[in-house]
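Where do charged side chains pair up in this chain? Which of those pairs bridge separate parts of the sequence? Look over the sequence and structure, then read on.

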Amino acid sequence: MSKAWKPLLQDDLAAQALAAVHDIAAALESQADREGSRYASLAGGLTGEALFYTYLALQTGDDAPAERAAQLVEKAVDVLAETPLPPNLYTGFAGVAWTMEHLRGRLFEEDSEEEDPVQEIDEALLTPLQRSPWPGDYDLITGLVGLGVYALERLPRPTAATLLGNVVDRLAETADVSEEGAAWFTRPEDLPEWQREIHAKGSYNLGVAHGLPGVVPVLAGATAAGIERARPLLDDSVRWLLARRLDPSVGSCFSTAASVAIFESPWNARRPVSIS
């Protein structure tokens with residue numbers, strides 16, 4: 001996989017964005033002993049900060065942020081060894097491992113003869129991903145989609161392909177499939193209280209972090225990786241999502257969620273019957 005990338009911004013906007021990034025870096029350095037430095041996670045801890053400094057180094061060519069990133073990764077590994085974390089991308093050990101893998105060829109030299117430091121994480125995820133039905137969330141932050149992102153980063157390793165196939169299988173089991181396509185339901189009891197007030201019977205989330213737009217790229221990646229059973233689910237989920245596209249006059253392509261007007265069928269046997 002190519003490590004190449006190109007900036008989205010040019011000229012004055014690029015200069016403003018880079019100035020803001022340097023301000024963030026300075027703020028992080030001035031708070032080296034803050035609470036987040038005790039955590040290894042991608043979302044709010046050391047590996048997330050390491051990712052930030054790595055891309056700062058890639059943009060500027062400076063050694064200092066690269067050295068800082070390497071120090072943070074080393075510290076994150078030490079913290080992870082002493083602190084149990086859940087198996088998810090956002091706050092868990094899968095996110096730490098994803099970052100280490102992502103930084104190969106960016107922060108660290110790639111060495112095919114070197115022992116794989118993340119192999120144990122692959123193996124630790126194999127057992128839970130074989131559970132059927134899947135007991136947890138399906139989303140990017142704490143669920144199946146996040147583990148799919150991790151598996152995609154680890155390809156073409158055989159264990160990564162197995163993990164990705166298991167993610168596809170668990171997503172297929174938890175999907176609501178109808179003539180409209182495929183979508184993933186969030187039960188009312190799993191919604192924050194303020195969302196339950198709006199979606200009293202549950203909803204189909206349309207955000208990347210917790211909803212179907214996070215599922216689509218993982219299924220696309222699985223399809224591209226040769227997992228053929230991912231393709232029908234990908235087609236169905238894209239069709240369901242595009243059917244919820246809003247009129248341009250609204251000012252947004254999609255709403256945050258699709259509400260369930262009628263909800264009668266049991267878990268794992270649902271069919272969306274009326275979506276607004």
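This report covers salt bridges in the predicted model.

## Overall count

The model holds 15 salt bridges.

## Asp116 and Arg104

Aspartate 116 pairs with arginine 104 in a salt bridge, with 3.0 Å from N to O. Both residues sit in the loop between helix H4 (93-102) and helix H5 (119-129). They are 12 residues apart, and the pair links distant parts of the chain. Aspartate 116 is buried, as is arginine 104.

## Asp122 and Arg154

A salt bridge joins aspartate 122 to arginine 154, and their closest N and O atoms are 2.9 Å apart. Here the link runs between helices: aspartate 122 belongs to helix H5, arginine 154 to helix H6 (residues 144-154). The two residues are 32 residues apart. Aspartate 122 and arginine 154 are both buried.

## Arg244 and Glu180

Arginine 244 and glutamate 180 form a salt bridge at 2.6 Å, N to O. Arginine 244 lies in the loop between helix H10 (230-242) and strand S4 (257-259), while glutamate 180 lies in the loop between strand S1 (176-178) and strand S2 (181-183), so the bridge ties together parts 64 residues apart in sequence.

Arginine 244 has 12% relative accessibility, so it counts as buried, because the cut-off for buried is under 20%. Glutamate 180 has a relative accessible area of 32% and is partly exposed.

Some salt bridges share partners. Through them, Glu101, Arg104, Asp116, Asp122, Arg154 and Arg157 join into one network.

Definitions and conventions:
Residues are numbered from 1 along each chain as its sequence is written. This is a predicted model: local features need pLDDT of at least 70, side-chain atom pairs count only at pLDDT 80 or more; totals for chains, interfaces and linings use all residues. Side-chain values use heavy atoms; hydrogens and water are left out. A salt bridge is a side-chain nitrogen of Lys or Arg within 4 Å of a carboxyl oxygen of Asp or Glu. Helices (H or I, at least four residues) and strands (E, at least two) are DSSP runs, numbered from the N terminus. Buried means under 20% relative accessible area, exposed over 50%, partly exposed in between (1.4 Å probe, protein chains only).
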